[in-house]
Amino acid sequence: MMNQNIKEHLSETLKKGVRYDGRKLDEFRSIEIETDVSTPAEGSATVRIGDTEVMAGVKIEMQKPYDDSADSGTLMVNAEFSPMADPKFESGPPSIDSIELARVIDRGIRESESIDVKKLCIVEGEKVWSVGIDLITINNAGNLLDCAGLAAVAAIKNAKLPEVDKEGNADYKHKSKNGLPIEKEPISVTIHVIGDTIIADPSREEEEASDARLTVASISKDVICAMQKGGSKALTVEQVDEMVDLALKKAEEIRKIL
Amino acid sequence: MSYDKRNDGRGFDDCRPMEAKAGIVKSASGSASFKIGETVAFATVQGPRDLYPKFLKNPKKGKIRVFYQMMPFSGVGGRIRPGPNRRAKEISMVTAKAFEEVLCLEDFPNAVVDIYIDIPQADAGTRCAGISAASIALADAGIRMTEMVAGVAVGRTADKLLVDLDYSEEAHEEGATDIPIAVTSVTDKISLLQMDGDMTQKQLSEVLRKGIVACKAINEVQKAALKKGYEVA
């Protein structure tokens, strides 16, 4: 928990439209995307939003499909809040925050049907591609959620399927030229409420002072594909409108650099 | 058939190209990355900080803990399940031991220094790269050490003794021996020694000496990275 005096001061300052790091209320820090950051991974990317950094790696394996979806490949998103990223993160089983982050990003990618899992089928009932996306936090300076979401999308865009040999087995040592069947690119943007002020891309302090947040994943200017509210304060419907509006605008800006 | 020429053309006593960087994680007390060939290790130091549970506290000296982990996508082939497994736990333990002699643990009684080693890409020698990175990270965190530590794998592929084996050399069809070692930078003492494979006593003695020479070269890279981190622009 944050010191109450600092929280009040931060909240008062935001009310005047001033952030501690000098940004405008709706302004993101600079975003940097680097791809091919891990050679053994089928796809990988590191995304930095200011000092916040997340690495994403995609592993693609040939597997037997699940019985209830014999004609579809599989997709999984996992997140590790590595203790390297923040003195507060502990090693051990995944924390509830890392599970939430993985599930929110998983929904953004799965529910938007960004990856056409039917196209990951090789032989129905026998062989499909299984796609595993792992997100690893490198440094937490606030807004891991949006950074991780962007890293996941950058990594799946970077991924190449393994080569298939004459017997029909995967050759993991060689990557083919074929990418994943990506239909849409969901961009997650999280908007926070502190006191009565709405901000985008919180710093670590702002995140600690946050009363509520809303993550909105969108696939275009006006189509939303997943949402998650966090924090303990309830929101009015007008607030939700305003937050969604800002999230969509910011997503549109991010889409241009991806 | 003998192993006459290394796959990447380097000499039998040479390490792969190395790259090191200090201060890669801003929120940590100290951090570094160390790349040797296609193997990359990140090391992050948190602390000295309070140690829990309380009964682990030692009023005479501090404790160091190492958490080694391969990232799930770091290997060729299948995904590696995250979380500690037997291999990772053992590597963490021997890595901690590799540093205990050189660290001035009496500087932080009752406290702990945690070292997190994460491997984003692996082509053999990950525990050694982790040690080389951790040593830079500890110095970057300002933890007092009497000397630094560098790690390298030495061994044998077919009939040749060599330094810094890559995965193809470790998995050579004519057999291979892998000997990860860690060497202290001033007194040239061996603070980690493991072996997997076979060789004669004479070969072992020879290859360990090759490893000590290689660690000198690694230490130069470590020192350069540290100095670069403190350069005034």
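Modeller: Helices (H or I, at least four residues) and strands (E, at least two) are DSSP runs, numbered from the N terminus. The model discussed here is predicted, so local features need pLDDT of at least 70 and side-chain atom pairs count only at pLDDT 80 or more, while totals for chains, interfaces and linings use all residues. Residues are numbered from 1 along each chain as its sequence is written, chains are lettered from A and ligands numbered from 1 in the order in which they are written, and side-chain values use heavy atoms, with hydrogens and water left out.

Biologist: Which residue forms a salt bridge with A:Arg110, and where do the two lie?

Modeller: A salt bridge is a side-chain nitrogen of Lys or Arg within 4 Å of a carboxyl oxygen of Asp or Glu. The N to O distance for this pair is 3.0 Å. Both residues belong to helix 2 (residues 96–111) of chain A, four residues apart, about one turn of the helix. The partner of A:Arg110 is A:Asp106.

Biologist: How many salt bridges does the structure hold over all chains, and what is the count between chain A and chain B?

Modeller: Over all chains, the structure holds 40 salt bridges. One that joins the chains pairs A:Asp51 with B:Lys26, whose closest N and O atoms are 3.1 Å apart. Between chain A and chain B the count is two.

Biologist: What is the area buried between chain A and chain B?

Modeller: In contact (heavy atoms within 4.5 Å) are 29 residues of chain A and 26 residues of chain B. A:Pro40, A:Lys59 and A:Met84 supply 25% of the area that chain A buries against chain B, more than any other three residues. Buried area is the accessible area (1.4 Å probe) that two parts lose on being put together, summed over both. Carbon and sulfur atoms give 60% of the total, which is about 2300 Å².

Biologist: Which element gives the most to the side of chain A that touches chain B?

Modeller: Across this interface there are 14 residue pairs in polar contact (both at pLDDT 80 or more), meaning a pair of N or O atoms within 3.5 Å, where within protein one must be able to donate a hydrogen and the other to accept it, and residues adjacent in sequence count only if both atoms are side-chain atoms. On the chain A side, the elements giving two or more residues include strand 4 (74–80), strand 6 (127–139) and strand 8 (170–179). With six residues, the element that gives the most is strand 3 of chain A.

Biologist: Which element supplies the largest share of the lining of the largest cavity?

Modeller: A cavity is a set of points, on a 1 Å grid over the protein atoms alone, where a 1.4 Å probe fits but cannot get out, and lining residues have an atom within 4 Å of a point. The search finds four cavities of 30 Å³ or more. B:Arg16, B:Cys128 and B:Asp164 are among the residues that line the largest, and helix 2 (126–140) of chain B supplies at least two lining residues. The largest share, three residues, comes from strand 6 of chain B.

Biologist: Which residue does a cis peptide bond join to B:Gly47?

Modeller: Most peptide bonds are trans. Here omega is about 5°, and the second residue of the pair is placed in strand 3 (residues 39–50) of chain B. A cis bond also joins B:Tyr52 and B:Pro53, with omega about -5°. The residue joined to B:Gly47 is B:Pro48.

Definitions and conventions
1 Å grid on protein atoms, 1.4 Å probe; cavity = no way out; pocket = protein on both sides within 12 Å on 5 of 7 lines; lining within 4 Å. Points joined across faces, edges and corners; volume = space filled by probe spheres on them.
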